[in-house]
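Trainee: I'd like to learn how to read a structure like this one. Can we walk through it together?

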Amino acid sequence: MGCGEYSGQNYSYSPVLGKSETGYVGLVNQAMTCYLNSLLQTLFMTPEFRNALYKWEFEEYEEDPVISIPYQLQRLFVLLQTSKKRAVETTDVTRSFGWDSSEAWQQHDVQELCRVMFDALEQKWKQTEQADLINQLYQGKLKDYVKCLECGYESWRIDTYLDIPLVIRPYGSNLAFNSVEEALQAFVQPETLDGPNQYFCERCKKKCDARKGLKFLHFPYLLTLQLKRFDFDYTTMHRIKLNDRMTFPAELDMSPFIDAEEEKSPQTESCTDSGAENEGSCHSDQMSNDFSNDDVVDEGICLENNSGGEKTSKAGNEKGTWIYELFSVMVHSGSAAGGHYYACIKSFSDGQWYSFNDQHVSRITQDDIRKTYGGSSVTRGYYSSAFASSTNAYMLIYRQKESTRNAKFLDIHEFPEHIKHLVQKEKETEEQEKRQREIERNTCKIKLFCMHPTRQVMMENKLEVHKDKTLQEAVEIAYKLMDLEEAIPPDCCRLVKYDEFHDYLERSYEGEENTHVGMLLGGVKSSYMFDLLLETRQPNQAFQPYKSGEVMVKVHMVDLKTETLIPPISVRAYLNQTVAEFKQLISQVTGLSAETMRIVLERCCNDLRMLSVPNKTLKAEGFFRSNKIFVESSDIQDNQAAFTESQLWHLLDQHANTIRLYVSLPEQSPGSHGLKCLYQKAAGDPGSQEDSYECAKGSSMHRKPVEAILEESTEKLKNLSLLQQRQSSCTPGENGDGLKSAESSDFETIESPSQEADSSASVDNRELENRIPSSDPETPLQLEERSDSDVNNDRSTSSVDSDILSSSHSSDTLCNADTAPIPLTNGLDSHSITHSRRSKANEAKKETWDTAEEDSGTDSEYDENGKGRGLTRYLYFKAEECTSEDGSGLLVFVDKRITLAAFKQQLEPYIGVPSSQFKVFRVYANNQEFESVRLNETLSSFSDDNKVTIRLGRALRKGEYRVKVYQLLVNDPEPCKFLLDAVFAKGMTVRQSKEELLPQLREQCGLDLGIDRFRLRKKTWKNPGTIFLDYHIYEEDINISSNWEVFLEALDEPEKMKSLSQLAVLTRQWQPSRMKLEPFQEIVLESSSVEELKEKLHAISEIPIENIEFAKGRGTFPCDISVLEIHQDLDWNPKVSTLNVWPLYICDDGAVIFYRDKTEAQMEMTNEQRNGLLKKESSRLQKSGHRVNYSPRKEKALKIYLDGGPSKDSSQE
């Protein structure tokens, strides 16, 4: 048992506290090692065992001390006797057992541990003086006999034991024994073998009535009694604990239970060492080595009979000398499922009882011992145990009262020399640990950061410095910790208070170089609310003082002429400063004119705020600990424009929103400059050849910074501003033409889609487009758009992608032109970055751009009249070819407010197919890819250096759904096999979808099926469901969603299902006489009646209807079950007249029904046949992911490995 259900006092479990006032040391519970602690304390408090252990001397040259069990027990006992700690660890002892940390979480039985540990000690002590110690102290003898009642012939054997197991209740009785004495009397009470249990007498040569029993021949010096409180309830089929009251005396007289005459002369008419072959029943619950779990190997001690094993005095054979005194009670608190052990032990030094409860040791009284009897105040009876206290005695250890053998504990001055050395060694180790703990208690541990002066990389480490060290000494420690010896001299470093989360320097420590670190940091703490930064400077520079209350401002200077941003410099300011005072400060630092200076504060989420009120304080403007501002000072007219219409705003807006993406192209995509030029010419874009994709000689292969890209776009921004002014006086049609002719390829406008079909598109692509019907006849090819609900239903799309796709773009605009749609040659409406136009045919009806569910709640880009909600923006897009480990690709600089639809359109020239013919996948950690599907969402969730993969494949049109098709093979070991991805459309019939599947099945899967020789049916996880009939219509008769899954099932004959009122079930015959399950057979029922089911089963099996029994399968298809369990585990022959009621609830196709002939007897098997079949079934069911049977969590077999671990000691298994 372990400590899982124990709830006791709140003891202090710190092993560093002082020793208990009792003078005894506790043991630390590793997790569930209370059973081990109880046994170890009992052995430690046994003078004879402790003294003998001390006399054994460890030879280090013979064995590794780590795996020496006696040596580690020696060390532990020395610590328990001499340590000043409150409790000591047992990890070294368990490590010598060959246990790892997982064993600390295993529940075990203390009696089982006792026997296994004694066995291990005997093995380790072979050929030493202690070789027979366990036998001398704990081993007794008894005689197992059978005596013929007719002739008196007796067959017997001598057995040894280390403990006596005493039952709490006699077998079949409702009442428990009152006392240990009663249980001992029942232990030696013989039973009569008569009737079918008669004994075959060797002398009479026939079966005769006989008497079978046990007789004690010798009791050990240390008598161990195990109270068998754990039993098995055959009513509930669960293990239970018996909490009945059983008293035990402080002094136990064992004289009545020993047969002195038998001990002196055990010979009778027959004797055997191996035991006679008894045909009657025996008390299997009375032998100690019968205490084993049915599921594990019995690890009890196996000792050979050895006449020299007993060395007792003559006085020990005389009646009246078998008086024992109780000195240890091992108590279990809890249930059969788990609990807690502790030990109540009487000291032989002072006669006082103590409770050894893991780390806690306390004095107790005889009343506390009596409380461990168990039981309750209710009337004794069968159910008294259920209401009894769960804390009761489990093992009792008595010592024989014999003055010639009763020993006292060795005092420290009486220790052997090797133990004295060990005591001194452990004392020095403990003192060293104490000093180390003292140092740990006075050490400040805090996060340390440092920007490397040459590599410009922020480094992080943990600074550990004694609280009494000075700040200057701490700087030297940090300097070495950050490995700056070759980068910068130590006098160019200092420690400052730092907030890493806000990147804020809180204060510096000028003039406090000789102050103790503990005082500066506020003492030694487990964690600090701030960090330290090792700040560096150049030798010709001076450190800037940082004062508490200041805020840090990173100043980015903007040059409008070159459209560049200069790397930032840091300044310190106060929150109560006015904007005018702050401008003077910035002017002093940067040299810019304060009169013409413009300051823009960047708040969260790229929110730009112009500081235009001179008397307003920085706190009122929203300054915080760490701030970022942009400053510009020039005489140009941009000063006079409104901020949101100024060149400064446009530059900062693009700087904040432009991201860099790595786009991996499919192998088939051309990606060449020739194709780009060809695509642009086909699109009729006269400006594209000049500055869009630079179709001259080669392109830059290196990564350009965002600032460089912004420089190239200056003139284009100016042209667009002029274009805005012209558009205000143009007609919608003229405006559209003007936009088209003046469009710059680095910016996306509403006329960005090409007006001609891609000249490089293959015939196959056009055939694919024409072959798949469109849900809207007036828009033969629509762009792919899908909703978040589609994404959430897709198993290949994680919830992370749903969050990513849900972000919205900013409402700020660069241009507010509102132009009419331009008709394209392929029938599509033009689609802009911020909004699209409906065709005239669709203007009158409200539509969403969701793929599947029209009520999915996705925000449409259109109002009720079909007009765009947002204003047109000119958003930046530029692509460069690059190569990476994954092959060729693009380095794309793009405004993250661009929609996915526009982003795909911009990628069309590089991929060589229309945007409807490729898909975009975002690459996450561990190269996980998730498809981005919502075209009206922006790239605002993307960040710099994100990876994007492009894959060829037709994107879904409105009303279409991607469907995963699996083949159902009911009689195969793997009944569910993935075939292909298909596309089903709203309004399509099942037969039409089957026609679409036929060529794909031939080409991709090699399946040549006739349209009437396969069916489609619902797939729910692995279970086959409703059969879809050919005339059913998707979305009308069959609910369909994105990434839906269906089964395709090949048929041996034409479809029998004609109506939804029919019910198709899968049946399987169980033949108990052959221990065999027949293959599945489908039957189609016209109704849900049991009578019809039996008639159909009779037709396929020829079993008489009156003999048919059936049961519903359990779990997921194919409802696998072991043939060893099916006959009794299933609910056979339910008392129902219809299938659609409890407990069957068979209302849909695909249910599994097992049936059998109730007159067919189950095959009788030998143990060998059963074991062979069990292995075969286990292998079969494990491969299919099913268990052979259900059983509660099994205890792991307790093993002690003599060579350090299980891998080295396979023989112990």
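Mentor: F49 touches L43, F77, L121, L133, I134, L137 and Y138, leaving out residues up to four places away in sequence. Bear in mind that this is a predicted model, where local features need pLDDT of at least 70, side-chain atom pairs count only at pLDDT 80 or more, and totals for chains, interfaces and linings use all residues. Residues are numbered from 1 along each chain as its sequence is written, and side-chain values use heavy atoms, with hydrogens and water left out.

Trainee: Which residues touch the most other members of the largest nonpolar core?

Mentor: In general, nonpolar side chains tend to be buried together in soluble globular proteins. A nonpolar core is a set of buried Ala, Val, Leu, Ile, Met, Phe, Trp, Tyr and Cys residues joined through side-chain atoms within 4.5 Å; buried is under 20% relative accessible area, exposed over 50%, partly exposed in between (1.4 Å probe, protein chains only). Here, F49 and Y138 touch the most other members of the 68-residue core.

Trainee: Why is helix α2 largely enclosed?

Mentor: Helices are DSSP runs (H or I, at least four residues), as are strands (E, at least two), numbered from the N terminus. Eight of the nine residues of α2 (residues 47-55) are buried, so the rest of the structure largely encloses the helix. F49 is one of those buried residues, and the cover includes α1 (34-44), α3 (69-82) and α10 (417-441).

Trainee: Is M237 buried or exposed?

Mentor: M237 counts as exposed, at 53% relative accessibility, and sits in the loop between β11 (230-233) and β12 (238-241).

Notes. Contact = heavy atoms within 4.5 Å.
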